[in-house]
Amino acid sequence: MPIDKFETLQSTAIPLPIENVDTDQIIPARFLKATERKGFGDNLFRDWRYQKDGSQNDDFVLNDDRYSGSILVAGKNFGSGSSREHAAWAIYDHGFKVVVSSFFADIFKGNALNNGLLPVVVSESFLEKTFDAIEKDATTKLTVDLEAQTITNEALGLSESFEINPYKKECLLKGYDDIDYLIHMKSDIESFEKK
C-alpha cells in the first residue's frame with residue numbers, strides 16, 4: 001500500500017504520558033476483524049476513550065478539545081505486547097503521522113515504519129520537557145524534519161536528532177512501501193541481471 005510522502009511536519013501534539021502502553025491498549029484484539037487497513041482509527045485506545053456503556057470518556061486525552069495535532073507524544077516503552085500490525089494502522093488511520101517516545105518496542109517500531117508512521121526516539125529529558133511544555137500550552141508545536149533527522153520543540157527552542165534506518169528513511173521520504181521500492185528499483189535490477 002502506498003504511503004504518504006514524509007518530509008517535514010510541524011504540528012501541535014497530543015500528550016499521552018503513560019509508560020508501557022501495549023498494543024492491546026492501542027487497539028483491543030476484539031477490533032482486529034477487517035481485511036483492509038482502513039477504519040482501525042475509530043477504535044484507537046478504545047477502552048480508554050470510551051466507558052463500558054459506550055459513552056465517551058471525557059477524561060481521556062484524545063477526547064480533550066484542548067489537544068489536537070498529528071503528533072502523539074507517548075511515555076516510555078510504547079507499543080510493547082503482541083506483534084499486531086493493527087496498532088500502527090490504528091494510530092496512522094486516526095491521523096497521527098509521528099509518535100514520539102523515549103523507547104519503542106522493536107516490533108511496533110518496525111510495523112510503524114512499514115506503514116508510514118514515523119517513530120521518533122528522544123531522550124528522557126527531551127520527552128519530559130515536551131510533556132511539560134504541552135501541559136502548559138496546548139498550542140506548543142513540534143517540528144519533525146525527517147531529511148535532517150531532527151525534532152524541535154518550538155516553544156522551548158529545543159532540538160534533538162533521532163536515528164532511523166536509511167532504507168526506511170528513503171521509503172518514507174518517497175512514499176514507498178516495500179513493493180513500491182522494488183518497483184522503483186526495477187531498471188537497476190534488470191541491468192544487474194544482464195551482467
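This is a predicted model: local features need pLDDT of at least 70, side-chain atom pairs count only at pLDDT 80 or more; totals for chains, interfaces and linings use all residues.
1. Start with the charge on the surface. Glu19, Glu128, Asp132 and Glu135 come together there as a patch of negative charge. One of them, Asp132, sits in helix α5, which covers residues 124–136. Asp132 has a relative accessible area of 41%, so it counts as partly exposed, a label for values between 20% and 50%.

2. Next, have a look at Asp177. You'll find Asp177 in the loop that links α6 (166–174) to α7 (178–184). Its relative accessibility is 11%, so Asp177 is classed as buried. The side chain of Asp177 also makes a contact: it reaches the backbone nitrogen of Asp180 at 2.8 Å.

3. Asp106 is another acidic residue to check. It belongs to helix α4, residues 106–114. With a relative accessible area of 65%, Asp106 is exposed.

4. Now for some backbone angles. Asn77 isn't a glycine, yet its phi is positive, at about 65°. Asn77 is placed in the loop between β2 (71–74) and α3 (86–94).

5. Gln149 also has a positive phi, about 55°, and isn't a glycine either. Its loop runs between β5 (141–145) and β6 (150–153). Is Gln149 buried or exposed? At 17% relative accessibility, Gln149 is buried, because that label applies under 20%.

Technical notes: Residues are numbered from 1 along each chain as its sequence is written. Side-chain values use heavy atoms; hydrogens and water are left out. Patches are made of residues with over 30% relative accessible area and no salt bridge: like charges are joined within 9 Å, nonpolar side chains (Val, Leu, Ile, Met, Phe, Trp, Tyr) within 5 Å. Accessible areas come from the Shrake-Rupley method with a 1.4 Å probe; for residues, only the protein chains shown count as cover. A salt bridge is a side-chain nitrogen of Lys or Arg within 4 Å of a carboxyl oxygen of Asp or Glu. Lys and Arg count as positive and Asp and Glu as negative; His and the chain ends are not counted. The place of a charge is taken as NZ of Lys, CZ of Arg, CG of Asp or CD of Glu. Helices (H or I, at least four residues) and strands (E, at least two) are DSSP runs, numbered from the N terminus. Buried means under 20% relative accessible area, exposed over 50%, partly exposed in between (1.4 Å probe, protein chains only). A polar contact is a pair of N or O atoms within 3.5 Å; within protein, one must be able to donate a hydrogen and the other to accept it, and residues adjacent in sequence count only if both atoms are side-chain atoms.
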